[in-house]
Amino acid sequence: MGRVTERRRVVRIRNGSAGVRPDTLVAEEPLEIRLNGKPLAITMRTPGDDFALAVGFLVSEGVLAAASDVQAVTYCEGATQDGSNTYNVVNVQLAAGVPVPDITLERNVYTTSSCGLCGKAGLDAVRTATRFPGLAADPVRVPAEVLCAMPDRLREAQKVFDRTGGLHAAGLFTAQGELLDLREDVGRHNAVDKIVGRAYRSGMLPLAGTVLLVSGRASFELVQKAVMAGIPVLAAVSAPSSLAVDLALESGMTLVGFLRGPDMNIYAGEERITL
């Protein structure tokens with residue numbers, strides 16, 4: 001199975017002097033997600049938590065809601081021409097009676113950190129596809145000082161980032177600041193899918209009363225994934241996009257950006273952040 005990190009030779013220059021040394025890099029490999037044996041999507045990811053990533057992706061696509069929707073999640077054997085297993089192909093087999101979406105060429109997507117639905121069609125699609133439409137009614141309140149402490153708590157828990165400096169992270173917190181789960185990946189969307197997938201497999205969806213913190217910007221896709229998982233508060237250390245704000249406002253989500261030290265910008269749902 002692919003490793004989370006790999007070692008590579010590097011020429012390191014410091015203060016005008018050059019030296020050769022090994023360097024630790026984060027691993028990046030493709031993962032093909034299949035649904036009932038049919039190819040659905042390919043994402044570049046850091047190996048690890050692949051089953052969670054696959055089912056988390058399907059939650060964000062509106063395919064899965066309850067843990068009973070899945071019969072089995074397995075690696076596909078014989079994924080290469082010589083029959084060896086790369087552990088880079090995962091099949092999610094739906095339980096009997098669970099509707100199978102129309103898998104067409106339009107849904108065979110190569111997912112990236114910037115992919116996702118676009119424009120009004122995207123907003124409409126999330127509204128109609130979510131299995132947890134009561135997001136606006138979530139009564140959670142988060143003290144501002146608790147929220148401001150979360151980035152440091154997230155950074156302290158990033159073990160692979162300490163060794164590589166090349167990973168995004170997503171952390172799931174309680175409103176009191178307890179870190180429930182943390183995942184790291186080369187793609188911020190994959191880190192969120194792994195968080196959602198692990199919660200799904202534990203029967204925790206919807207994730208009412210929680211805060212999702214991401215290292216980086218808040219794209220439309222990340223807001224979409226949080227909405228589909230029933231997460232009421234999404235915070236990012238960088239900026240949101242305009243469409244991300246539109247979706248947060250329409251969905252009743254609290255969206256925070258530029259969460260750095262004691263400062264933050266609240267773009268939607270400010271009533272949930274208490275001073």
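User: Where is Val11 placed in this structure?

Analyst: Val11 belongs to strand S1, which covers residues 5-14. Strands are DSSP runs of E with at least two residues, helices are runs of H or I with at least four, and both are numbered from the N terminus. The model is a predicted one, in which local features need pLDDT of at least 70, side-chain atom pairs count only at pLDDT 80 or more, and totals for chains, interfaces and linings use all residues. Residues are numbered from 1 along each chain as its sequence is written, and side-chain values use heavy atoms, with hydrogens and water left out.

User: Why is Val11 called partly exposed?

Analyst: Its relative accessibility is 46%. Buried means under 20% relative accessible area and exposed means over 50%, with partly exposed in between (1.4 Å probe, protein chains only). The value of 46% therefore makes Val11 partly exposed.

User: What makes Val11, Ile13 and Val20 a patch?

Analyst: These three residues make a nonpolar surface patch of about 280 Å². A patch takes residues with over 30% relative accessible area and no salt bridge; nonpolar side chains (Val, Leu, Ile, Met, Phe, Trp, Tyr) are joined within 5 Å, and like charges within 9 Å. The 46% of Val11 is over the 30% limit. Accessible areas come from the Shrake-Rupley method with a 1.4 Å probe, and for residues only the protein chains shown count as cover.

User: Why do Glu29 and Arg45 count as a salt bridge?

Analyst: The closest N and O atoms of Glu29 and Arg45 are 4.0 Å apart. A salt bridge requires a side-chain nitrogen of Lys or Arg within 4 Å of a carboxyl oxygen of Asp or Glu, so the pair qualifies. Glu29 lies in strand S3 (residues 29-35) and Arg45 in strand S4 (residues 38-45), so the pair ties together parts 16 residues apart in sequence. Both residues are buried. A search of the whole structure finds ten salt bridges.

User: How do you know whether Arg34 and Glu32, which also pair, are buried or partly exposed?

Analyst: Arg34 has a relative accessibility of 25%, and is therefore partly exposed. Glu32, at 18%, is buried. Their side chains meet at 2.6 Å, N to O.

User: What links Asp181 with Arg198?

Analyst: A salt bridge joins Asp181 and Arg198, with the closest N and O atoms 2.7 Å apart. The pair links distant parts of the chain, 17 residues apart: Asp181 is in strand S10 (residues 179-185) and Arg198 in helix H5 (residues 188-201). Asp181 is buried, at 12%, whereas Arg198 is partly exposed, at 30%. Both belong to a network of salt bridges that also takes in Asp49 and Arg183.

User: What makes H5 and H6 mostly covered?

Analyst: In H5, twelve of the 14 residues are buried, including His189, Val192 and Tyr200. In H6 (residues 220-228), nine of nine are buried. H5 is followed by Gly203, with a positive phi near 70°, and H6 by Gly230, with a positive phi near 75°.

User: Why is Thr174 called buried, and which residues does it contact?

Analyst: Thr174, in strand S9 (residues 168-174), has a relative accessible area of 13% and is therefore buried. Contact means heavy atoms within 4.5 Å. Leaving aside neighbours within four places in sequence, Thr174 is in contact with Met150, Leu180, Gly209 and Val211.

User: What makes a group of residues a nonpolar core, and which have the most contacts in the largest one?

Analyst: A nonpolar core is a set of buried Ala, Val, Leu, Ile, Met, Phe, Trp, Tyr and Cys residues joined through side-chain atoms within 4.5 Å. The largest has 54 residues, and those with the most contacts inside it are Leu64, Leu212, Val223 and Leu255. A second, separate core of 21 residues includes Val146, Ala169, Leu179 and Val211.

User: How much of the protein is buried?

Analyst: Buried residues make up 49% of the 275 residues. The protein has seven helices and 15 strands.
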